[in-house]
Amino acid sequence: MARSYLRHPMAWALAAVCAVPALAQAQGSDASQWPDKPIKWVVPFPPGGAMDAIARTLGEVAGRELGQSFVIENKPGAGGNIGSDFVAKQPADGYTLMITSIGMATNGALYSKLSYDPLKDFEPVSLLAVVPNVLVAGAKQKDIGSVKDLIAAAKKAPNRLSYASAGNGTSIHLAGASFTAMTGVEMLHVPYRGSGPAVTDLLGGQVDFMFDSITSARPHIEAGKLRALAITTKTRSPSLPDVPTVEEAGVPGYEVSPWFATFMPAGTPAPIVEKLGKTLNAAMATPEVKTRLDAIGAQPVGSTPEALRTHLVKETERWTQLIKSSGITAD
């Protein structure tokens, strides 16, 4: 009897309808018990950078609140694509998340083919922080003390002045590409494999300028080895409050705000996503986290999942346009 009943198309439809509330109830129950084991937090870049530091800081504080540890797992390579691909293919059970950056909005345009879809394969959780870039001049550029001086010098001698970056398509490169596009100047872009060697050559005088992360640039600025001309974000950085923004210094509308955010695999139950987001936002509001983030020049942000999704779409549209018009590739 049961076998003949289930062969009828309407019976299958009724069975499916009845199963939906049961599935939703099961998911809700699982979410209410989350987390009941450690959570893997993937960092798609090597240890030691701002992204790694933010994940470890927030993981420690949020883990205490949730009663489960966050296990940091670094999966570097291919501009963050290896780690992103890994997370996209993990079970949507709430036990894997990823911290990522502006690359989430740029890699689709920088690489000819991705093994994941940044907009479809992840659930946005929350914006975490912004770490400004700072336009710094090397020691040999003693006659250029402001952004207006730089623009004037670059217009006088196109492509004579150079700016270093941590690699093609990085936020450091895009900050420079935005600057040259908006000011109409021509400067020679010199890409390196990471910020470290780029700063070394900047200090040595092999390159002239750099839109470096404030995390790595600030110690050299404070030591008097590099001169800060401007901050790339919309507002000044508390870490360098006397340094004007690029917009204040003479480039109307300029803003590059390198951001960090966290995502989970697509399909992760909404109650888990919301609980994690609220926990991370609460952690970012604590004096402990604010102090530790300030040490690397990071400014806590926080957001709802919906706000992060909107932000990602807007950033993807913005940077895709610049990357394509400038002919930038990851190679």
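**Labels and the values behind them**

Analyst: Happy to, and please keep in mind that this is a predicted model. Let's begin with strand β6 (residues 162-165), which is covered on both faces: S162 and A164 are buried on one side, and Y163 and S165 are buried on the other.

User: What makes β6 and strand β7 (residues 188-191) a pair?

Analyst: Two strands count as paired if there are at least two bridges between them. β6 and β7 have 4 bridges, in the parallel sense, so they qualify.

User: Why are β2 and β11 called edge strands?

Analyst: The open sheet has 6 strands in the order β2-β1-β3-β10-β4-β11, with mixed pairing. β2 (70-74) and β11 (299-300) each have a single partner strand, so one side of each lacks a neighbour in the sheet.

User: What makes E123 and R309 a salt bridge?

Analyst: The nitrogen of one side chain has to lie within 4 Å of the carboxyl oxygen of the other. For E123 and R309 the N to O distance is 3.5 Å, so the pair meets the criterion. E123 is in strand β4 and R309 in helix α12, so the bridge ties together parts 186 residues apart in sequence.

User: Why is R309 called partly exposed?

Analyst: Its relative accessible area is 37%. Buried means under 20% and exposed over 50%, so R309 falls in between. E123, at 21%, is partly exposed too.

User: Then why does E315 have no salt bridge?

Analyst: The nearest side chain of opposite charge, R318, is 4.1 Å away. The limit is 4 Å, so E315 and R318 do not count as a salt bridge. E315 lies in helix α12 (residues 305-326) and is buried. Leaving aside neighbours within four places in sequence, E315 is in contact with I102, A105 and W259.

User: How many salt bridges does the structure hold?

Analyst: There are 12. Another of them joins R236 and E248 at 2.9 Å, N to O.

Terms used
Residues numbered from 1 in each chain as written. Predicted model: local features only at pLDDT ≥ 70, side-chain atom pairs only at ≥ 80, totals over all residues. Heavy atoms only, no water. Buried < 20%, exposed > 50% of the residue type's maximum accessible area, 1.4 Å probe, protein only. Helix = DSSP H or I, 4+ residues; strand = E, 2+ residues; numbered from the N terminus. Lys, Arg positive; Asp, Glu negative; His and termini not counted. Contact = heavy atoms within 4.5 Å.
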